[in-house]
Amino acid sequence: MTDRNMESSSSSYMGSQNEHIKSIIHIDVDCFYAQVEMIRNPELRSQPLGIQQKNIVVTSNYEARKFGIQKCMLVCDALKACPNLKLVNGEDLREYRTASSKIFMVLQSWKCPVEKLGLDENYIDVTNLVKERLKNTSNSITISGHIYNEPSVECTCGCHTRLKLASQIANEMRYKIYDELGFTTCAGIAHNKLLAKLVCPLHKPNDQTTIFPEDGVNFMSNLQSVRSIPSIGLKTTEALISQKIITVSDLQQVSMELLKKHFSADMAVRLKTLSLGEDNTPVKQTGRPQSIGLEDSFKTVSVKSEVEEKFAALLQRLLILVREDGRIPVSLRVTLRKKDVKRLSSHRESRQCQVSPSIFTINNGALTVTEAGQQKLMSTIMRLFTKLIDLSKPFHLTLVGLAFTKFQERMTGRSSIVNYLMNDISVQSVLNIQNDCDTSTSMDYSAVSPSSSTTTDLSDAEVEPSPKKPKKVTWIAKRRCLSKEEIASPSKLKVGELRLNSKELEKVSELRLNSRDRSLTPRASPARDMSDNSEAMKDVAEGGNCGDCPSYVDKEVFNALPEDMQHELKAMWKNPSNSELPRSSPRNMNKSKSNTLLKYFVPNK
Ligand code: DGT
Ligand code: MG
């Protein structure tokens, strides 16, 4: 390293002491797919095991690695190296995804930001947790696991103590993952994501390594290829190699002037700082995926019926994933990779459109699609396909893909119940569009639009309007033939008839079916309603929880609510001034504050 660059890296270290404040853990599951298979079938544990996808061994257990089996080896080569290798097909990723979600959930129990990276890696920012624990710790703190380099002096900012504590938290996390799910893991602990990830595999399998900030430059300088840096991809590597920058040490020493000649100023700075082990990117809490998709690649397909078969197979698998996810899709994207035979090149094209949420129904809390719904989806897919491909001309495809790209949230939790009900009104509303009652009316739809759909970056896809974009309101009137008065107020939609999706409210969901049955029968007269109601109140007095409820409340629905919500409602009923709701009559509810939970407590009549 030149003096100047040495100087810049050491001053960067000294000058960035306030950047040592973070404590980041990176956790990577050992031989992930192989462990999933070994947990499913413990007999595999004692054998060399390879996970096969097409003709490649994508990973293997540590037993097989002793025989030289490496990731992405051809099956034939792997069998030559280890004739006893047991192969398990790993093309169906469902079990791996499920395991991945479980691990993520375990890590979330520490209430720190967790960022999922692929299926078997997670970053956890434990900065605040470390600070909290430090307040309550007077004893000297020891490290858990390995240290990259034993420090000769303590950094004055206290980062060594913090990272030692973080190493103990990492150990707790790994222990819990093993204890609850049976997976062994590795962890890296550092003051930034880059170093945490890079030191993670230093003691594989089933161990952990901590690196202190002052060792970052030295650690990085030992990496043989610039490609070892996680955010440097193939193209950047090629561009660097073309400038004879091959190792990370080369990158540390090269002048900024030269880097700026070949990269943008921002990129040049980023490359330089990464080479010095610096990285200030935050751990971003992972939410649910913005899209759920699958692709299938193949040599060439040039016949429409074959494309249809491929899509049908993909759709079956995709529906399983969506069912696992639980959200209701409202948008579908079709992707093709077209081969240009003359130019020997290929490119991707996508097209997407809205899909009616009515295609999806909830049975016992699970998202399902009927045969007819699947046919509708297939015809949407093939319609998008014919927009992407001119069938009057020959075509050659090497990939087809399907993805659901927007969803209606199925919110849960006490605070979200009103939104939750409103969402489901919109779902039910579209369900009702085909019904034959011809009353129509107009109403501002905004309150019931699926506003909580996750946002999706559609920049690479053409969005086309739905061919059957629901006329937004007519549906409510159509199906239920509600009176004008009822339509004017969503509060008049009965809670028993709304589709409630969360587990928390599954019981309510069952009740909905009953209520719906009732709603299809002729409407009861007010006198009859009164008697039904007093009947209901009698039942409650004999054993239900709804003794304090006003007479207009549907006690079945009330009793199905979580206890804390029941308490909250009772408190509001006891003190109506707090709730701004009239105690006496549901008729007055139209006048009260909108979006209030109590408004949904209108008995089914
Ligand atoms: P490890 O972390 O070295 O103990 O081993 P793994 O198997 O956990 O490897 P890792 O963490 O790089 O990848 C996690 C899983 O992802 C792995 O079990 C199989 C899959 N995988 C890894 N590399 C590839 C690949 O190049 N192609 C495909 N299809 N799957 C891969
Ligand atoms: Mg792994």
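Modeller: A residue is called near a molecule if one of its heavy atoms lies within 4 Å of it. This is a predicted model, in which local features need pLDDT of at least 70 and side-chain atom pairs count only at pLDDT 80 or more, while totals for chains, interfaces and linings use all residues. Residues are numbered from 1 along each chain as its sequence is written, chains are lettered from A and ligands numbered from 1 in the order in which they are written, and side-chain values use heavy atoms, with hydrogens and water left out.

Around ligand 1 there are 15 residues, and the closest of them are Cys31, Gln53, Thr59, Tyr62 and Lys204. By kind, this shell holds 7 nonpolar, 2 polar and 6 charged residues, where Ala, Val, Leu, Ile, Met, Phe, Trp, Tyr, Cys and Pro count as nonpolar, Asp, Glu, Lys and Arg as charged, and the others, Gly among them, as polar.

An N or O atom in the side chain of lysine 204 is 2.6 Å from an oxygen atom of ligand 1, a polar side-chain atom of aspartate 120 lies 2.8 Å from an oxygen atom of ligand 1, and a polar backbone atom of tyrosine 33 is 3.0 Å from one. Taken alone, ligand 1 exposes 590 Å², of which the protein buries 73%; such accessible areas come from the Shrake-Rupley method with a 1.4 Å probe.

Finally, strand S1 (24–29), helix H2 (32–40), strand S3 (56–60) and helix H3 (62–65) are the elements that give two or more residues to the shell, helices (H or I, at least four residues) and strands (E, at least two) being DSSP runs numbered from the N terminus.

Terms used. Polar contact = N/O pair within 3.5 Å; in protein donor to acceptor, adjacent residues only side chain to side chain.
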